[in-house]
Amino acid sequence: MEIEYLEAVPSDALKIINYLNVVAGQSDNLTFGLNECILNEVQEMQLIKEIHEDPNSVMIVAKDGDEIVGIATLSGNQKTRLSHRAQMGVSVLKSYWHQGIGSNLVSAVIGYGVEAGIEIIDLEVVTDNEIAIALYHKFGFEIIGTYENYMKLNDRYLDVYLMNLYL
């Protein structure tokens, strides 16, 4: 298996939407659920274009051939007072877990952040998602707090750790 890591381009839009709708049904650790990816192809193309034009943001896709199997985003902030920070999000299709794809995506996003002059990358991770927490610790992220009842899944609340990486 040869996975390619590429910056998302507008022509990836439909595949990204399809990917998000699949990955959302595979995990309770994401902030969105099955079929909650509500952007259409044109809107997703515009979002990719906006991310590409923002020097503090990037979307990286992991591709196995033509199939998107993972996505990582770094979302910068337009406000001057917050422009030293960016938020990271990462997901990988369940059938591709434990193959280093998440690590490669995190590494790529951090590298982009360093080059962009970002000083702090932050993220939220469900407190019982031990594999992701271990991944983030491996890259130097620190738990800086807990946000209780951050998500509600059916009738159950999920807490998240707030984690920061100081570059």
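**Reading a predicted fold, feature by feature**

Mentor: Let's start with Thr-127, which has its place in the loop between β5 and α4. Helices (H or I, at least four residues) and strands (E, at least two) are DSSP runs, numbered from the N terminus. Before we go on, this is a predicted model, so local features need pLDDT of at least 70 and side-chain atom pairs count only at pLDDT 80 or more, while totals for chains, interfaces and linings use all residues. Residues are numbered from 1 along each chain as its sequence is written, and side-chain values use heavy atoms, with hydrogens and water left out.

Trainee: Okay! Is Thr-127 buried, partly exposed or exposed?

Mentor: Go by relative accessible area: buried is under 20%, exposed is over 50%, and partly exposed is in between (1.4 Å probe, protein chains only). Thr-127 comes out at 25%, so it's partly exposed.

Trainee: And which residues is Thr-127 in contact with, leaving aside neighbours within four places in sequence?

Mentor: A contact means heavy atoms within 4.5 Å. For Thr-127 the partners are Ile-133, Thr-146, Asp-159, Val-160 and Tyr-161. Leu-74 is another story: it's 53 residues from Thr-127 along the chain, and their C-alpha atoms are separated by 21 Å.

Trainee: Let's follow one of those partners. Where does Ile-133 lie?

Mentor: In helix α4. Ile-133 has 9% relative accessibility, so it counts as buried. Not counting residues up to four places away in sequence, Ile-133 touches Val-125, Val-126, Thr-127, Tyr-161 and Met-163. With Met-163, the gap is 30 residues in sequence but 9.0 Å in space, C-alpha to C-alpha.

Trainee: How do I read a whole helix, then? Which residues of α4 are buried?

Mentor: General idea first: an α-helix has 3.6 residues a turn, so residues three or four places apart point the same way. Now the case here: α4 covers residues 130-138, and Ala-132, Ile-133, Leu-135 and Tyr-136 are its buried ones. Looking down the axis of α4, they fall within an arc of 160 degrees, so they line one face of the helix. That arc is taken from the directions from the helix axis to the C-beta atoms. Over on the other side of α4, Glu-130, Ile-131 and Lys-138 are exposed.

Trainee: What covers the buried residues of α4?

Mentor: The cover includes β4 (85-92), α3 (101-116), β5 (120-126) and β7 (156-166).

Trainee: Next, phi angles. Which residue just after α4 takes a positive phi?

Mentor: Gly-140, at about 100 degrees. As a rule, most residues other than glycine have a negative phi. His-98 has a phi near 65 degrees, a positive value although it isn't a glycine. You'll find His-98 in the loop between β4 and α3, and it's exposed, with a relative accessible area of 66%. Asn-149 isn't a glycine either, yet it has a positive phi of about 55 degrees. Asn-149 belongs to strand β6 and is partly exposed, at 43% relative accessible area.

Trainee: How many aromatic pairs are there?

Mentor: You describe a pair of aromatic rings by the distance of the centres and the angle of the planes. Rings of Phe, Tyr and Trp (its six-membered ring) pair if their centres lie within 6.5 Å; planes under 30 degrees apart count as stacked, over 60 as edge-to-face and the rest as tilted. That rule gives two aromatic pairs. In one of them, the ring centres of Tyr-147 and Tyr-150 are 4.8 Å apart and the planes are at 80 degrees, so the pair is edge-to-face.

Trainee: Are Tyr-147 and Tyr-150 buried, partly exposed or exposed?

Mentor: Tyr-147 is partly exposed, at 43% relative accessible area, and Tyr-150 is partly exposed too, at 30%. Tyr-150 sits in strand β6. Leaving aside neighbours within four places in sequence, Tyr-150 is in contact with Thr-31, Glu-124, Leu-158, Asp-159 and Val-160.
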